[in-house]
Amino acid sequence: MAQERPDLRVTVRLIQVPASVRDSGGVPLDGLDQKDFRLLVDGNPVPFHVETERQPTSLAIVVQNSQASGPVLAKLLSVAGMIQPLIAGEGGRVGLVLFAASVRTALP
């Protein structure tokens with residue numbers, strides 16, 4: 001008989017909902033404030049506070065460099081040029097680290 005997993009219940013006082021807003025041409029929109037947004041939970045509006053702080057994203061991708069991971073690594077390297085602009089965005093940084101018997105920085 002499988003063991004039943006217990007429910008875990010916690011009270012959460014703060015939930016961050018990062019958002020970026022762009023126009024139809026993909027240009028980031030500035031000057032938006034709280035009145036320009038709605039936050040819904042199960043279709044119902046909930047109170048929220050907007051902080052308009054831009055923080056660049058830093059992303060480190062760490063991949064095991066072994067024979068088994070070769071195809072995944074090849075795909076990753078083929079799209080590496082798109083990771084920075086699409087995921088990290090303006091001012092963001094992306095790094096790629098490979099490891100096996102030793103650690104090697106492939107993309108600083």
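1. At 63% relative accessibility, D7 counts as exposed, where exposed means over 50% relative accessible area, buried under 20% and partly exposed in between, computed with a 1.4 Å probe and with protein chains only. The side chain of D7 meets that of R9 in a salt bridge, at 3.4 Å from N to O, a salt bridge being a side-chain nitrogen of Lys or Arg within 4 Å of a carboxyl oxygen of Asp or Glu. R9 is likewise counted as exposed, at 71% relative accessibility.

2. A word on the basis of this note. The model is predicted, and local features need pLDDT of at least 70, side-chain atom pairs count only at pLDDT 80 or more, while totals for chains, interfaces and linings use all residues. Residues are numbered from 1 along each chain as its sequence is written, and side-chain values use heavy atoms, with hydrogens and water left out.

3. The structure holds three salt bridges, and two of these involve K35, which pairs with D33 at 3.7 Å between the closest N and O atoms and with D36 at 3.6 Å between the closest N and O atoms. Through these shared partners, D33, K35 and D36 are joined into one network. K35 is exposed, with a relative accessible area of 69%, whereas D33 is partly exposed at 35% and D36 is partly exposed at 40%.

4. A nonpolar patch on the surface is formed by L8, V10, V12, I15, V17 and L39, which together have about 640 Å² of accessible area. Patches are made of residues with over 30% relative accessible area and no salt bridge, like charges being joined within 9 Å and nonpolar side chains (Val, Leu, Ile, Met, Phe, Trp, Tyr) within 5 Å; the accessible areas come from the Shrake-Rupley method with a 1.4 Å probe, and for residues only the protein chains shown count as cover. V10, one of the patch residues, is placed in the segment before β1 (40-41) and is exposed, with a relative accessible area of 62%. Strands here are DSSP runs of E with at least two residues, helices are DSSP runs of H or I with at least four, and both are numbered from the N terminus.

5. Which residues make up the largest nonpolar core? It has nine residues, namely I61, V63, L73, L76, I83, A88, V94, L96 and L98, a nonpolar core being a set of buried Ala, Val, Leu, Ile, Met, Phe, Trp, Tyr and Cys residues joined through side-chain atoms within 4.5 Å. The elements that give two or more residues to this core are β3, α1 and β4 (93-99), and α1 provides the largest share, four residues. A88 is in contact with T57, I83, R93 and V94 when its neighbours within four places in sequence are left aside, contact meaning heavy atoms within 4.5 Å.

6. S69 lies in the loop between β3 (58-64) and α1 (70-88), and S69 is buried, with a relative accessible area of 12%. A polar atom of the S69 side chain lies 2.3 Å from the backbone oxygen of Q64; a polar contact is a pair of N or O atoms within 3.5 Å, and within protein one must be able to donate a hydrogen and the other to accept it, while residues adjacent in sequence count only if both atoms are side-chain atoms.

7. Most residues other than glycine have a negative phi, and most peptide bonds are trans. D42 is placed in the loop between β1 and β2 (44-45) and is exposed, with a relative accessible area of 76%.

8. Not counting residues up to four places away in sequence, L32 touches V21, F37 and T52, while V21 touches V27, P28, L29, L32 and F37. As for C-alpha separations, L32 and V50 are 18 residues apart along the chain and separated by 9.5 Å, whereas V21 and G43 are 22 residues apart in sequence and 21 Å apart in space.
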